Amino acid sequence: MTSSTTGTSDLPAARLAELRAAVAREMPGVRRDLEALVRIPSVSEEAFDQAHVAASAHAVAELLRGAGMQDVEVLDEGGAPAVVGRLPGPDGAPQVLLYAHHDVQPPGEESDWTSAPFEPVEREGRLYGRGAADDKAGVMAHLAAIRAHDGQPPVGLTIFVEGEEESGSPSLGRILAAHRDKLAADVLVLADSTNWKIGVPALTTSLRGLVEAYVEVRTLDHSVHSGMYGGAAIDAVTAMIRLLATLHDDAGNVAVQGLVSGEAAELDLTEEQLRADAGVLDGVQLIGEGSLTSRLWTKPALTVVGFDATSTAKASNTLAAKAKAKISMRVAPGQDANEAYEILAEHLRSHAPWGVKVDVVVRETGQPFAADVDGPAYDAARAAFADAWGVQPVDMGIGGSIPFIADFAALYPDAAILVTGVEDPDTRAHGADESLHLGEFERVCVAEAVLLERLGQLGS
């Protein structure tokens, strides 16, 4: 855990109490507005109705205007609509950018949900619904902090709410290029991550990058009878299985030479906790070697997330001529994602069994991120989290990828980047029964209101 608050001044107890009370006052309205946003099925994947994404953007714009934001715009640079608003601060105050996204993941099979995915429902202190946490709660945490300051925070503010983060942010680069000056800030608060556990907040200081690739194996120019040719000719599915098996060694470590691997702080993650959080079945072993946090945060990971072959229901006794798999690779901080793809592609081509034809195509890459965790903005954030939770925050990594953070870091190299979030290990973001812990959410809102107060002190 990190305990340093060097460079921060004490926040008077009376002011902290005022901000806590102001957030508590605003929470009923914040929750109503969050539930209204959850009811909009703003899935940004192309297969879904994009009118809902537009409706979500306009709803967010109205919320920003209602909070007193100025120059509120809905931006469209050839992708899903984003929303931006500004609020000037006192002379000499730092400029702070608050980021979240209003689009959501597809709901999946509705039958997997305990309640309808786009109808928010509270159960046992958690609010269930797609986007209730990821990331419409991030939007509302920003608004709660502004409302707690009665629309007059002690810093200059820009709110930027993206509309296509869940589909890979394809137009974010164009938005940043077209509106670079409008979004520039001294401190960026990117609310799209998680906390360590209930009762323990976290700052996300590293993220793995992402490579998504397709590999296709071809063995025949057409499928043939398995009895006539089996035993001499090889089918593509068997060849694909042999090829994919080369990605890991017997212990489950990634066996692709040339990929970067690092070490992470161990913290207090136990195998029992990880097995419970991931739902690992009894008797199924964990893979890989080294500390659990390193395996999850700073070592590469390779996963087969999709496989195209004849279904068992429709399969005849033939040797399949081709098979296709989708591979998701998480890239350790410190390695370029495009370089990692080339290393993966070369491994697959060079390990083709029996001379089968292997084609590899990249679908998407996203760069990893490692933060410089020193400086007054980080000190202010840690102090604000301690104020809100009563315990010191953890600096943690995330095994997943948030590629847009590297884009912001590249565009604004002198800005302090604080990656925060509203989630916890039980949130189930992207899955069925996604939910938000309402008690933790209020602490998130308190922390952000206090963070703005503390950042304002840096300019005084």
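These legends go with a handful of close-up views of a predicted model.

The model is predicted, so local features need pLDDT of at least 70 and side-chain atom pairs count only at pLDDT 80 or more, while totals for chains, interfaces and linings use all residues. Residues are numbered from 1 along each chain as its sequence is written, and side-chain values use heavy atoms, with hydrogens and water left out.

**View 1. Helix α1 against helix α3.**
Here we look at α1 (residues 13-38) and α3 (residues 136-148), whose axes come within 8 Å and cross at roughly 145°. Helices here are DSSP runs of H or I with at least four residues, strands are runs of E with at least two, and both are numbered from the N terminus. Axes are lines fitted to C-alpha atoms, for helices over the stretch in contact, and angles run from 0 to 180 degrees between N-to-C directions. On the α1 side, the residues that meet α3 include Leu19, Ala22, Val23, Gly29, Val30 and Leu37; their partners in α3 include Val139, Met140 and Ala144. Contact means heavy atoms within 4.5 Å. Sorted by class, this contact has 12 nonpolar, one polar and five charged residues. For that count, Ala, Val, Leu, Ile, Met, Phe, Trp, Tyr, Cys and Pro are nonpolar, Asp, Glu, Lys and Arg are charged, and the others, Gly among them, are polar.

**View 2. Zooming in on Arg147.**
Arg147 sits in helix α3 and, with 16% relative accessibility, counts as buried. The cut-offs are under 20% relative accessible area for buried, over 50% for exposed and in between for partly exposed (1.4 Å probe, protein chains only). Setting aside neighbours within four places in sequence, Arg147 touches Arg25, Glu26, Gly29, Val30, Asp33, Leu63 and Met140. Gly66 is 81 residues away from Arg147 in sequence, yet their C-alpha atoms are 9.5 Å apart.

**View 3. His58 on helix α2.**
His58 belongs to α2 (residues 51-66). This side chain's residue, His58, comes out as partly exposed, at 48% relative accessibility. From His58 to Glu73 it is 15 residues along the sequence and 9.2 Å through space, C-alpha to C-alpha.

**View 4. The three-stranded sheet.**
β4, β5 and β18 make an open antiparallel sheet in the order β4-β5-β18. Two strands pair if DSSP finds at least two bridges between them. β4 (121-123) and β18 (435-437) are the edge strands with a single partner each, so one side of each has no neighbour in the sheet. From one strand to the next, the twist averages 25°. Strand β5 (residues 126-128) is tied to β18 by three bridges, and Arg126 stands opposite His437 in β18.

Nine bridges link β9 (residues 209-218) to β14; Leu210 faces Gly366 in β14.

**View 5. Helix α13.**
α13 (residues 438-458) has 21 residues and spans 31 Å from first C-alpha to last, close to the expected 30 Å. That expectation is 1.5 Å times one less than the number of residues. Of the 21 residues of α13, 16 are buried, so the helix is largely enclosed by the rest of the structure.
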